[in-house]
Structure formats: structure tokens, C-alpha cells
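Thanks for asking me to look this over. My notes follow as numbered points, to be read alongside the model.

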Amino acid sequence: MVPSGFRKRGKGSVQECGKLDLAVREKDTVNTMQIAEVLLDSLGKVGSFTESGMYAHMKFKECSRSFLVRQQENLLRMFRDKERFAYMGENREWKELLGGLEETGKE
């Protein structure tokens, strides 16, 4: 079950982590944005592997909402690293993704 406020869709975050490193190294704003969205969206399905028949004999705890919120905060903190993501600059979508437009006097 996915706690409210978290979507269960998209690609898994494991596949996207390596792609993010490459996008950062290449300063690829388009792919960085897409991968960041996938990583944030995938939080809602972090435990979906447990639905596989391979794990039917095992019992798992559900991810608590507080755990998912902490993970989301950690991702956003990483994305707010001004040195690592400096190339994202004044990208409006990036700012919105990170919690709204910063006060820059620009709309």
C-alpha cells in the first residue's frame, strides 16, 4: 500500500541513480530534471518488490509515511546542493521541483 501523497508509478530509482550521476557530470539540464522527477515519484513504490510472487512466503513491514517523507527530504536536500547542481541555475522547473520559486524577483 502506498501512503497518501506518494505516487506509485514510473521507473525504479535504482536504475535512475547511475543516470543522474552521468547527467550531473555532463551538466545535462533536461535529463537531470527528468531523473529528479522519477526519483521523487518512485518513493511511493519503494517497497513494491515485496508484491512479487518470489517474496510471497515473506512478511514485510509497510513503509511508514514518516520514512517516505524523510527520504523525500533527503532527496530534495541533495538536489539543493548549489555546488553540485549549479548548472541548473535559474531553471524555473527545477526551482518548482525543489519547493517553489526562490525569491529572485523573476516570474
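1. First, a term: a contact here means heavy atoms within 4.5 Å. Among contacts in the protein between residues at least 6 apart in sequence, 61% join residues at least 24 apart.

2. A word on ground rules. This is a predicted model, in which local features need pLDDT of at least 70, side-chain atom pairs count only at pLDDT 80 or more, and totals for chains, interfaces and linings use all residues. Residues are numbered from 1 along each chain as its sequence is written, and side-chain values use heavy atoms, with hydrogens and water left out.

3. Please keep confidence in mind as you read. pLDDT is the predictor's confidence in each residue, from 0 to 100. The protein averages 78, and 79% of the residues score at least 70. Both ends call for care: pLDDT stays under 50 over residues 1–11, where the model has 31 contacts beyond four places in sequence, and also over residues 101–107, with ten such contacts.

4. The fold is helical: four helices and zero strands, taking helices (H or I, at least four residues) and strands (E, at least two) as DSSP runs numbered from the N terminus. Confidence is lowest in α1, at a mean of 81, and highest in α4 (residues 92–97), at 92.

5. Now for the inside. Buried means under 20% relative accessible area, exposed over 50%, and partly exposed in between (1.4 Å probe, protein chains only). Of the 107 residues, 26% count as buried. A nonpolar core is a set of buried Ala, Val, Leu, Ile, Met, Phe, Trp, Tyr and Cys residues joined through side-chain atoms within 4.5 Å. In the largest one, with 17 residues, Leu20, Leu39, Leu75, Phe79, Phe85, Met88 and Trp94 touch the most other members. Helices α1 (13–26), α2 and α3 each supply at least two residues of this core, and α2 gives the largest share, five residues.

6. Leaving aside neighbours within four places in sequence, Phe79 is in contact with Leu20, Ala36, Leu39, Leu40, Phe85, Trp94 and Leu98.

7. Next, the charged pairs. A salt bridge is a side-chain nitrogen of Lys or Arg within 4 Å of a carboxyl oxygen of Asp or Glu, and by this rule there are three. Arg84 pairs with Asp21, with the closest N and O atoms 3.0 Å apart. Arg84 lies in the loop between α3 and α4 and Asp21 in α1, so this pair ties together parts that are 63 residues apart in sequence.

8. How far apart are the closest N and O atoms of Lys95 and Glu90? They are 2.6 Å apart. Lys95 counts as buried at 7% relative accessibility, whereas Glu90 is exposed at 52%. In the remaining bridge, Arg92 meets Glu96 at 3.3 Å, N to O; these two are four residues apart in α4 and so are separated by about one helical turn.

9. Finally, the surface. Phe49, Met58 and Phe60 form a nonpolar patch with about 270 Å² of accessible area together. Patches are made of residues with over 30% relative accessible area and no salt bridge, with like charges joined within 9 Å and nonpolar side chains (Val, Leu, Ile, Met, Phe, Trp, Tyr) within 5 Å; accessible areas come from the Shrake-Rupley method with a 1.4 Å probe, and for residues only the protein chains shown count as cover. Phe49 sits in the loop between α2 (29–41) and α3 (65–79) and is partly exposed, at 43%.
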